[in-house]
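This briefing is meant for a reader meeting the structure for the first time. Please keep the sequence and the 3D view at hand while reading.

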Amino acid sequence: MDKRQRRRLGDLLAKLDDGERTRLTKRAAKLRQAALRTMTGDARRPEMEDFLLRLLDEQEEAAAGFAAPDGGAAPAPGIDGSRRGTVIGVTAGACIVQSGDDSLDAVLPADLTRRQQSGLAVGDEVLLEPLGEGHRVTAVLPRRSLLTRADPHDARRARAIAANIDVVLVMVAAKAPPLHPRLIDRYLVAVERSGARAALAVNKVDLLTDAERGEVLDLLQPYLGLPIPVVFCSVTTGEGIEDLRGLLAGATCVFVGQSGVGKSSLLNALHEDAAAKTGAVRAGDGRGRHITSASSLYELPGGVRVIDTPGVRRFSLDAADAVRLADGFAEFAPFAARCRYRDCTHAHEPGCAVKAAVDDGAIAHSRYTSYRKLLGDDDDPRQGDGAENTV
Ligand code: GDP
Ligand code: ZN
């Protein structure tokens with residue numbers, strides 16, 4: 001960050017109140033951590049300030065009416081032919097970039113190719129310069145959120161799977177496959193870590209008898225009190241689909257959840273006429289825009305953008321996620337502030353206000369049990385539900 005940027009950052013921060021500054025700093029720290037996890041040694045390590053400035057710029061842009069690029073505000077090529085766009089597909093050594101109405105093929109520079117698994121993801125905002133007949137990526141802009149998963153060959157390394165996501169819709173089926181709240185907990189921890197917001201869709205409610213509806217509601221009670229939207233829906237009957245559309249309007253999102261819960265069905269329902277299953281995507285946005293079939297970014301009516309890639313479909317909690325695990329349990333926060341030790345893990349420490357809240361019934365036992373299991377604690381007396389390894 002140069003002097004001028006630093007001064008600008010200082011000016012912008014000075015305008016904020018304490019609460020807002022704390023909130024932004026926390027987000028910036030989280031984003032930086034996510035970015036660092038995907039980096040190899042050679043690249044410049046971004047500073048906290050880089051992320052703070054990016055977040056502040058975004059807020060200003062949003063306030064001025066230039067919110068997240070929706071493709072409408074086509075960024076015109078610069079004098080030198082440079083452009084800005086959104087990555088909608090990634091292949092070996094190259095990517096497809098949507099820039100205004102154009103989808104452009106762009107090659108990646110060598111350093112990005114080398115760390116392509118972590119360096120670039122669908123949803124990334126990039127700068128391009130002309131190269132021969134096509135384009136070349138010159139920069140990947142800082143991300144506002146990043147979903148990662150562990151590299152299958154090296155669990156300590158993270159792979160970027162989708163960038164700049166606003167909402168991760170965690171999808172479960174009320175029945176078939178059976179509902180395991182513990183899976184929801186794992187997803188919520190992973191989403192919290194990405195910097196995106198979580199929402200919960202409970203699909204296939206059409207399959208439930210009245211008695212089963214009651215049971216499902218009981219199981220999900222702890223989630224209804226969390227600061228995340230919960231929508232009961234059925235892609236089959238259409239119940240709740242408009243609520244979901246409203247919830248996702250204007251957002252870039254991904255659907256995560258076990259196979260068979262209805263993610264493709266929902267994508268189809270939201271797209272009305274699209275054939276998500278075949279992967280043949282045509283953007284039906286009324287402006288004649290056409291997105292190539294290699295795209296993993298679906299533009300749906302209502303300004304909903306969905307990223308669906310095999311990586312997203314395999315998205316789950318990886319080993320490294322145990323760091324700051326408690327952040328993924330939003331209802332712990334007000335109590336955690338009152339624990340005797342500041343670095344309390346809410347497991348064996350005396351004076352733990354979270355454990356006291358569990359005993360008082362203020363925090364659901366099932367959620368606390370999930371937390372302890374994720375923490376790697378085996379001496380919790382409660383039985384698991386056998387769902388640990390199924391995400
Ligand atoms: P995905 O693996 O998460 O993408 O799940 P799919 O969208 O492929 O759905 C799995 C199966 O569940 C398909 O046979 C769907 O027709 C069915 N399905 C999806 N949504 C519903 C629903 O709301 N109710 C019922 N009864 N079946 C559904
Ligand atoms: Zn504690």
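Predicted model: local features only at pLDDT ≥ 70, side-chain atom pairs only at ≥ 80, totals over all residues.

Residues are numbered from 1 along each chain as its sequence is written, chains are lettered from A and ligands numbered from 1 in the order in which they are written, and side-chain values use heavy atoms, with hydrogens and water left out.

**Strand β11**

- Strand β11 covers residues 252-256, and because five of its five residues are buried, it is largely enclosed by the rest of the structure. Buried means under 20% relative accessible area, exposed over 50%, and partly exposed in between, with a 1.4 Å probe and protein chains only.
- Helices (H or I, at least four residues) and strands (E, at least two) are DSSP runs, numbered from the N terminus.
- In a regular strand the side chains alternate between the two faces of the sheet. In β11 both faces are covered, with T252, V254 and V256 buried on one side and C253 and F255 buried on the other.
- Strand β8 (residues 167-173) runs parallel to β11 and is joined to it by four bridges; strands pair if DSSP finds at least two bridges between them. L169 has F255 of β11 as its bridge partner.
- Strand β13 (residues 304-307) is also parallel to β11, with two bridges between them. Here V306 of β13 stands opposite C253.

**Salt bridges**

- The structure holds eleven salt bridges, each being a side-chain nitrogen of Lys or Arg within 4 Å of a carboxyl oxygen of Asp or Glu.
- E129 and R136 form one of them, with the closest N and O atoms 2.7 Å apart. E129 is partly exposed at 27% relative accessible area, and R136 is partly exposed at 29%.
- R245 and E242 form another, at 3.4 Å from N to O. They are three residues apart in helix α8 (residues 241-248), so about one helical turn separates them. R245 is buried at 14%, whereas E242 is exposed at 54%.
- R367 pairs with E331, the closest N and O atoms being 2.7 Å apart. R367 lies in helix α13 (residues 365-374) and E331 in the loop between α10 (310-313) and α11 (333-336), so the pair ties together parts that are 36 residues apart in sequence.
- R367 is buried at 0% relative accessible area, and E331 is buried at 16%. A network of salt bridges links D185, E331 and R367.

**Ligand 1**

- Ligand 1 is surrounded by 16 residues, the closest being D206, T236, G260, S264 and S265; a residue counts if one of its heavy atoms lies within 4 Å.
- A polar side-chain atom of N203 is 3.1 Å from a nitrogen atom of ligand 1.
- For S264, a polar side-chain atom lies 2.8 Å from an oxygen atom of ligand 1.
- An N or O atom in the side chain of S265 is 2.6 Å from an oxygen atom of ligand 1.

Key: Polar contact = N/O pair within 3.5 Å; in protein donor to acceptor, adjacent residues only side chain to side chain.
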